[in-house]
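Welcome, and thanks for taking a look at this one. Please have the sequence and the 3D view open side by side while you read.

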Amino acid sequence: MKKTEIGALILRIFLGLSFFIHGLSKFQSGMDNTAGWFESIGIPGFMGYIVATIELLGGLLLIIGLGTRYIAALFVLIMIGAIVKVKLAAGFMGNGQGAGYELDLAFAVMAAFLFLNSNSALSLDSKLFSKAQ
């Protein structure tokens, strides 16, 4: 087992758990509230449902390593959207009135790594879709 495999596993589980918790939080606070917040920043409210579902289910899938490349790509897109639409104006570290985009960028970079290195031996993807079968 390579150290990079273990590192990718840790990264995948952490990122999956982080997105799962963010998605769960959106559902727990009420999807009407989430949709309303999306609308307040100029994004159609239905996108709140889509993002929350991708975060919740995608987080679980990432933890088990199923569809890693696709989920990671979706997470990169979500984080780019969050940075551009919500956080960019506050700057990297925030402006005292709102959080900066450093965490969103870190999540995007982690997801990009998983997108580029998605064939980990320690994932369900590798067990189900291995070319050596």
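Here is a short briefing on the helices, their packing, and the pockets and cavity.

This is a predicted model.

**Packing of α1 with α3**

- Helix α1 covers residues 3-28 and helix α3 covers residues 46-64; their axes lie 7 Å apart, at an angle of about 150 degrees.
- Angles over 145 degrees count as roughly antiparallel, and that is why α1 is described as roughly antiparallel to α3.
- The crossing of α1 and α3 is left-handed.
- On the α1 side, the contact is made by Arg 12, Ile 13, Leu 15, Gly 16, Leu 17, Phe 19, Phe 20, His 22, Gly 23, Leu 24, Lys 26 and Phe 27.
- On the α3 side, the partners are Val 51, Ala 52, Thr 53, Glu 55, Leu 56, Gly 59, Leu 60, Leu 62, Ile 63 and Ile 64.
- By class, this contact of α1 with α3 has 14 nonpolar, 5 polar and 3 charged residues.

**Packing of α1 with α5**

- Helix α1 also meets α5: their axes come within 10 Å and cross at roughly 130 degrees.
- That angle makes α1 oblique to α5.
- This crossing of α1 and α5 is left-handed.
- From α1, the contact takes in Ala 8, Leu 11, Arg 12, Phe 14, Leu 15, Ser 18, Phe 19 and His 22.
- From α5, the contact takes in Phe 107, Met 110, Ala 111, Phe 113 and Leu 114.
- The residues of the contact of α1 with α5 divide into 10 nonpolar, 2 polar and 1 charged.

**Packing of α3 with α4**

- The axes of α3 and α4 cross at roughly 140 degrees and come within 10 Å.
- Helix α3 passes α4 in a left-handed crossing.
- In α3, the residues that meet α4 are Val 51, Ile 54, Glu 55, Gly 58, Gly 59, Leu 61 and Leu 62.
- In α4, their partners are Thr 68, Ile 71, Leu 74, Phe 75 and Ile 78.
- The contact of α3 with α4 comprises 8 nonpolar, 3 polar and 1 charged residues.

**The largest pocket**

- The largest pocket holds about 530 Å³ of space.
- Its lining is made of 24 residues, and Val 51, Glu 55, Ile 78, Met 79 and Ala 82 lie nearest the centre.
- Helices α1, α2 (31-40), α3, α4 (68-87) and α5 (102-116) each give two or more residues to this lining.
- Which element gives the most to the lining of the largest pocket? It is α4, with 9 residues.
- The lining of the largest pocket divides into 17 nonpolar, 2 polar and 5 charged residues.

- About 320 Å³ of space lies in the second largest pocket.
- Of the 14 residues lining the second largest pocket, Ser 118, Asn 119, Asp 125, Ser 126 and Phe 129 lie nearest its centre.
- Helices α4 and α6 (124-129) are the elements that give two or more residues to this lining.
- The lining of the second largest pocket has 3 nonpolar, 8 polar and 3 charged residues.

**The cavity**

- How many cavities of 30 Å³ or more does a search of the whole structure find? The search finds 1.
- The largest cavity has a volume of about 40 Å³.
- Ala 8, Arg 12, Thr 68, Leu 114, Asn 117, Ser 118, Ser 120 and Ser 123 line the largest cavity.
- By class, the cavity lining has 2 nonpolar, 5 polar and 1 charged residues.
- Ala 8, Arg 12 and Leu 114 of this lining also take part in the contact of α1 with α5.
- Ser 118 lines the largest cavity and is one of the residues nearest the centre of the second largest pocket.

Methods:
Residues numbered from 1 in each chain as written. Predicted model: local features only at pLDDT ≥ 70, side-chain atom pairs only at ≥ 80, totals over all residues. Heavy atoms only, no water. Axes fitted to C-alpha atoms, helices over the stretch in contact; angles between N-to-C directions. Helix = DSSP H or I, 4+ residues; strand = E, 2+ residues; numbered from the N terminus. Parallel < 35°, antiparallel > 145°, perpendicular 65-115°, else oblique. Left-handed = near helix turned anticlockwise from the far one by under 90°. Contact = heavy atoms within 4.5 Å. Nonpolar A, V, L, I, M, F, W, Y, C, P; charged D, E, K, R; others polar. 1 Å grid on protein atoms, 1.4 Å probe; cavity = no way out; pocket = protein on both sides within 12 Å on 5 of 7 lines; lining within 4 Å. Points joined across faces, edges and corners; volume = space filled by probe spheres on them.
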